[in-house]
Amino acid sequence: MSEKEQILARVREALKSPASHPGDAHAHPQPASALAPSNTSRQWLPAVGETFEDQMQLFRKNAADLKADFHLVEGWEQASRVLMKLRDQERWQRVGAHKGDLTGAACAALGLPVCHTDRPYDLAALESCDAGITECDALIAQTGSVLVTSRSAGGRALSVLPPHHVVLARREQLLSDLLAGFELLKRKYSDNYPSFISFITGPSRTGDIERVLVLGAHGPKKLTIVCL
Amino acid sequence: MNAAADFKTRAQTLTRDLRHRLLIQTALRKYEVVRDRTKAQFRDWEAARQAAARTKWEAVNHLDKYLNELVGKLEARGTKVHWASTGGQAREIILGIIREKKARSIIKSKAMTSEEIHLNEALEEAGFEVVESDLGEFIVQLRKEAPYHIVFPAMHLTRGDISELFTRELGSAPTQNPEDLTMIARRVLRQKYINADVGLTGANFAIAETGMISITENEGNARLTAALPKVMITLLGIEKVLPRLEDLALFLPMLATAGTGQLLTCYNSLYGGPRLTGEADGPEKFHVILLDNHRTELLADAEQRDALHCIRCGACLNVCPIFRNVGGHTYGTTYSGPIGSVITPHLRGLQDWKHLSYASSLCGACTETCPVKINLHHHLLQNRRNASKQKPALIEKLAFKGYAAVVNRPGVYQLVKKAGRVLQKIHPLVRGTRADPAYGWTKTRDLPPIARQTFKEYWRGRNAK
């Protein structure tokens, strides 16, 4: 018997004696599946508000609490002004990016050398970039998260290696909660999921030294979200 | 080696260490404040706990089905899945992968399962360089220590301790600023990432439905571990499986809230395979190792099976009055605190580790806080029962027989009380010394005096007036 078969055999043997359900240790075990429909969890999780404005406001509040910079802009003019201001303030020399409508326009506006990560690239070159500019799959109001995948955001490293992660999103990408995020992933990628999916919630952080919050532990020290 | 005696010695030393107590209590009080604030954002935290417990129950009680589904989905997209019954087998599999790749250096993100199987020691012994990348783990690795806490590995150290350590081991300038210290580690570890051949991670969940590994972290170290090296290895216990992708919508915020008090941890990432066609980065090879290591034995104990629901958030450690006073290293186990006391006897032997089940006030704070409702303090009682059933303690049995013989006979009981009052007069001669028959009690506690008259005597006297 292979190791797999041996382990599975032990599992089946062990499960022959039934365990009581959580919360009713003295009741008889119930045989049926305990799984409730997955959307029932929504009613217990933090509230998000009904309208788009409520949810946008919640996202803004969450982003501020997380120490991410959030810019809700009207049109591309304003968005590129935000980017150019960051470029000048932080003296960007080079940025990382991937192909896309928003990222393409951003790179053109910035006029800096670009390390593209959607084709084979040099790791040292990406490491020396001052910012990684990506698009995303969604913004999550409930938690202030940015949902990215290896397909939507230029692979695995672009959004974590450079010291500043800049996300370009559109208003219609705002989703209410995490559950809506998972539903979107299923609709969008169904049987061909990207190999990497991540909910990014604020810039990288640690509290490992005396529980003092420090930003930029290993990933980006800054997270900027520009929403058009 | 006697684990129980070691536990006692270490506990006695640490409960008297005021600096240690201050450090731990301050850190955990901070945790309680933010955790409560975040819990209050949930519309119904108790209902969410019940739902999480039910989902875990479903997964664990149909483990064979969900494991098969998980493995099928992972393999379909090019992931190599390995099965290991024991820690030794898991170590051999990992060494085999590393040797085959002719790798030299390995970067690790936090994995309690790797502590469980003593992976670092095995890799170093075989001549490989292993670097822990989680800041807290990096610090305790430099100190050649085990993690103090499953979520906060270096919570027993001050910034001064860490500065001293970095100066000694890394040659950095001393600093009292946590940010500067973090940046020192960041710089050192960046180079390690760039040079690493293999990245090794643990996992928080595995999704059967879509064949994905879910990793929760704040620092970005696990993301780098899964992005840069050519080979990625994930070691996970078989109990980590969840049925559906959407289950994470509940579990991710609950893990974060219970674990650190955040509503959501900074990075919650899912890995469904190696670099796929059309992707420009990520590992060429992705290995997943499913570890049993006595988990099926715990599974076979229907009464305590829910201990496998554990999501390793550390909440029960944080609220435990024992943990808060004796600290994480005192346990001498991979998993400390209430959950460690419950599962260690299953993982490493009941008789050697039963003492942990007595290191409890049975206050139930752990059970109350557990986000997946594990019946922790009852399991401690069950461990005590199982231990004495398996190997009865003769002296204890005899003592209770003697006690029963006394209290069941009113005459004898009166006599013993009278004798006690007499003996009490000469007790100060030996009190607190080894000649004291009650030494086990009196060395650290007062012995309350026996009343001069019993209630019955008082009543009789009162009525006689």
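Visitor: In what order do the six strands of the open sheet in chain A run?
Guide: This is a predicted model. In chain A, six strands make an open sheet with parallel pairing. The twist averages 20° from one strand to the next. The order is E1-E12-E7-E4-E2-E3.

Visitor: Which strands of chain A stand at the edges?
Guide: An edge strand here has a single partner strand, so one of its sides is left without a neighbour in the sheet. In chain A that holds for residues 69-72 and 114-116. These are strands E1 and E3.

Visitor: Which residue of E7(A) does A:Thr134 stand opposite?
Guide: Strand E4 of chain A spans residues 131-134, and strand E7 of chain A spans 164-169. The two pair in the parallel sense over three bridges. Opposite A:Thr134 stands A:Val167.

Visitor: Which residues of H4(B) meet H1(A)?
Guide: H1(A) brings A:Leu8, A:Val11 and A:Arg12 to the contact. By class, the contact has four nonpolar, no polar and two charged residues. From H4(B) come B:Leu63, B:Asp64 and B:Leu67.

Visitor: What pLDDT does chain B average?
Guide: The model scores ipTM 0.95 and pTM 0.93. In chain B, 100% of the residues score at least 70. The chain B average is a pLDDT of 94.

How values were computed:
Residues are numbered from 1 along each chain as its sequence is written. Chains are lettered from A and ligands numbered from 1 in the order in which they are written. This is a predicted model: local features need pLDDT of at least 70, side-chain atom pairs count only at pLDDT 80 or more; totals for chains, interfaces and linings use all residues. Two residues are in contact if their C-beta atoms, placed from the backbone, lie within 7 Å. Helices (H or I, at least four residues) and strands (E, at least two) are DSSP runs, numbered from the N terminus. Ala, Val, Leu, Ile, Met, Phe, Trp, Tyr, Cys and Pro count as nonpolar, Asp, Glu, Lys and Arg as charged, and the others, Gly among them, as polar. Two strands pair if DSSP finds at least two bridges between them. Axes are lines fitted to C-alpha atoms, for helices over the stretch in contact, and angles run from 0 to 180 degrees between N-to-C directions. pLDDT is the predictor's confidence in each residue, from 0 to 100.
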